[in-house]
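Here are some notes to keep beside you while you look at this one. Please have the sequence and the 3D view open together.

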Amino acid sequence: MEAFRAVTGLLLLLLAPCVLRLAEGQGLPPLDATDIVGSSSASGSLRVLYGKSKAWRRAFSQKPAVACSTDTGSLCAPLDGDGLDLTLLELATSPAHYDARLANSTGTRYGVVSAVRDQGSCYTCAAFASIAAAESAIASALDIDPNAVQLSDHGLAYCLNRKDGFQRTCRTPWGLREAQSTLTAALKTPRTITTANCTPNVLSPTITSSAAALQGTCRSTCSQTDDPNGYLNGQLDIAILGSVWEMQQHILAHGAAVTSLTLYDDFKPYFAANPKGIYPGPTKNAQPAQYHAVSGDTHYLA
């Protein structure tokens, strides 16, 4: 099997700058402010760009040669400045709906999203999200069924990141960047990352709350990696995505992007009062309530 080089996205899209303390949630610690794309500015910018992209599509449907000429000011003219025209053109020509779970969206023989797995109540969202994005990247690069190469969430969460004798447990927070760095480093060393068949996920609180018990679960049940087709012979990279449209292009190319979400304590009350509203971002005195990491594989442009 030819080695692949795929990219998993580390998209740090937070609802607003978060304070540096851990809120009760899924175990994801707050991220540095330099990693944050605030929802208000990002969504507002996207709304403006999308409005312009729709206007360009209308103009192109009426007079293609005028809308897409080489004249200065046209979206099809040579690039200059900050590349905003390229972003606008990419947005204008993007599909309105893309679902990486579906083969007719991805253009592959399969969808590129593996089956949903359960992290239970443990603080392992960074590991689960990173594994899901990696599986999508591998499936996209090799055009294979993503369920044919299920990596071990448990192995990444508890077995690959032990340093100086420290053993993470179910309630040990872990950041996205560290989780993805650990995963990409493991894939560079043969037989380091294991599949879910070799190191299955354990949800028993009796085991996951005990460092000593967890050490026993890190012994692979397979002599190798349970990867007879050589799907793990490639390399994964991390790309830091700084905008919503970069996220969209990344999902189109690689199947998924990992995102970190901060929920504030005014989030649920807002939707209780506005069931069909669009959350505008935290109010002045709102406090972080939960941090969570997920792998995103779908986009919609209204």
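1. **Ground rules.** This is a predicted model, so local features need pLDDT of at least 70 and side-chain atom pairs count only at pLDDT 80 or more, while totals for chains, interfaces and linings use all residues. Residues are numbered from 1 along each chain as its sequence is written, and side-chain values use heavy atoms, with hydrogens and water left out.

2. **How confident is the model?** pLDDT is the predictor's confidence in each residue, from 0 to 100. The protein chain averages 74, and 73% of the residues score at least 70.

3. **Stretches to read with care.** Over residues 1-25 the pLDDT stays under 50, and the model has 118 contacts beyond four places in sequence for them. Residues 31-40 are also below 50, and this stretch has 24 contacts beyond near neighbours in sequence. A contact here means heavy atoms within 4.5 Å.

4. **The chain overall.** You will find 11 helices and 6 strands in the protein chain; these are DSSP runs numbered from the N terminus, helices being H or I with at least four residues and strands E with at least two. Of the contacts with a separation of 6 or more, 74% join residues 24 or more positions apart.

5. Of the 302 residues, 45% count as buried, that is, under 20% relative accessible area, against over 50% for exposed and in between for partly exposed (1.4 Å probe, protein chains only). The chain exposes about 15,200 Å², with 55% of it supplied by carbon and sulfur atoms (Shrake-Rupley method, 1.4 Å probe; for residues, only the protein chains shown count as cover).

6. **A pocket to look at.** What lines the second largest pocket? There are 19 lining residues, with Val116, Arg117, Phe128, Ala132 and Ser295 nearest the centre. Helix 5 (125-142) and strand 5 (288-296) are the elements giving two or more residues to this lining, and helix 5 has the largest share, 6 residues. A pocket is an open set of points on a 1 Å grid over the protein atoms alone where a 1.4 Å probe fits, with protein on both sides within 12 Å along at least five of seven lines; lining residues have an atom within 4 Å of a point.

7. Asp143 lies in the loop between helix 5 and helix 6 (153-159). Its phi is near 55 degrees, a positive value in a residue other than glycine. Asp143 is partly exposed, with a relative accessible area of 26%.
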